[in-house]
Amino acid sequence: MDLPLVEVPGGRVEYEDVPGDRALAPLLFLHEGLGSVRLWRRFHHRLAAATGRRAVAFSRLGHGGSDLPPGKRTPRYMHDEATEVVPAVRAALGLDGVVLVGHSDGGSIALLHAGTAAVEGVVVLAPHVFVEEAGLRGIEQARRDYVDGDLRSRMARYHRDPDVTFWNWNDGWLDGAFRDWDIRPELAGITCPVLGVQGTADPYGTVVHVEAVRDRAAGPVTLEVLDCGHAPHLERPGETDAAVKEFLRSLE
């Protein structure tokens, strides 16, 4: 089924809005570099059911059924998402007080947005805060999987144009101009509570990213380190859901 669309700078993005208690801050989900609404695998539905909160997930431009982006991404694309797209989605859907839930690139966007805008809390799953060599090796492997393996055919099930989705992400991270990308200095602007969840076998990053959030954010930070890869909410759903639910209870 087609999802509804909302206007943001550069086009229209699809979104899914799961209703919940209006007295509680809603959850806004920001997906990973190759993700979309559907690739959350109903994680937002699980948390809405478990917490009673409204949960909104949207596919960024070039992902899922959203419009294709108007141009090539720059090394500041996550900053642009945080300062332009996320505020537009919040304004259009009435997400005044909100808890951000971000995975991977979406976690980085959530941290950047929380550093400059008012939010109730942030949950980040395997976020990136700088370019780590180990993570680049994982991104290079993803390129081989896309060119020589079945990654393209799998992505074609979920994205309007899998080539745009993949190369925007992969070329961006492997561009030499991206090597200096580092948002650690900007973490000091985060004053709300943060939950950081990281897998010990993540091919795209190590625990140093959530530790940097803990050490540099101005607000309280809780870490949950799990024995899994890049998607704790899919690989260790029980532990991840429990950690997020406890974090959200602490906000109440």
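Which helix gives the largest share of the lining of the largest cavity? In this predicted model, the answer is H4, with three residues. Rolling a probe the size of a water molecule over the atoms shows where empty space is left.

**The cavity**

- The structure holds one cavity of 30 Å³ or more, and the space in the largest cavity comes to about 40 Å³.
- Its lining consists of His-128, Phe-130, Val-131, Glu-132, Gly-135, Leu-136, Ile-139, Trp-173, Tyr-204 and His-209.
- Sorted by class, this cavity lining has six nonpolar, three polar and one charged residues.

**The largest pocket**

- The largest pocket has a volume of about 640 Å³.
- A total of 29 residues line the largest pocket, and Glu-32, Leu-34, Leu-39, Leu-151 and Arg-154 lie nearest its centre.
- At least two lining residues of the largest pocket come from each of helix H4 (133-148), helix H5 (151-155) and helix H8 (232-235).
- H4 contributes the most to the lining of the largest pocket, with four residues; H4 also gives the largest share of the lining of the largest cavity.
- The lining of the largest pocket comprises twelve nonpolar, twelve polar and five charged residues.

**The second largest pocket**

- The second largest pocket holds about 290 Å³ of space.
- The second largest pocket is lined by 14 residues, and those nearest its centre are Leu-61, Pro-69, Pro-70, Asp-80 and Glu-81.
- Six nonpolar, three polar and five charged residues make up the lining of the second largest pocket.

**The sheet**

- Strands of a sheet pair through backbone hydrogen bonds, either parallel or antiparallel.
- Eight strands form an open sheet with mixed pairing, in the order E1-E2-E4-E3-E5-E6-E7-E8.
- Strand E1 (5-8) and strand E8 (221-226) stand at the edges with a single partner strand each, so one side of each has no neighbour in the sheet.
- From one strand to the next, the twist averages 20°.
- Strand E7 (residues 194-199) and E8 run parallel and are joined by six bridges.
- Gly-196 stands opposite Leu-223 in E8.

**Helices on the sheet**

- Helix H7 (residues 208-216) packs on the sheet, where it touches E7 and E8, and its direction makes about 165° with that of E8.
- Helix H2 (residues 77-93) lies across E1, strand E2 (11-18), strand E3 (27-30) and strand E4 (55-58).
- The direction of H2 runs at about 130° to E1.

Terms used. Residues are numbered from 1 along each chain as its sequence is written. This is a predicted model: local features need pLDDT of at least 70, side-chain atom pairs count only at pLDDT 80 or more; totals for chains, interfaces and linings use all residues. Side-chain values use heavy atoms; hydrogens and water are left out. On a 1 Å grid over the protein atoms alone, a cavity is a set of points where a 1.4 Å probe fits but cannot get out, and a pocket is an open set with protein on both sides within 12 Å along at least five of seven lines; lining residues have an atom within 4 Å of a point. Grid points are joined across faces, edges and corners, and a volume is the space filled by probe spheres set on the points. Ala, Val, Leu, Ile, Met, Phe, Trp, Tyr, Cys and Pro count as nonpolar, Asp, Glu, Lys and Arg as charged, and the others, Gly among them, as polar. Two strands pair if DSSP finds at least two bridges between them. Axes are lines fitted to C-alpha atoms, for helices over the stretch in contact, and angles run from 0 to 180 degrees between N-to-C directions. Contact means heavy atoms within 4.5 Å.
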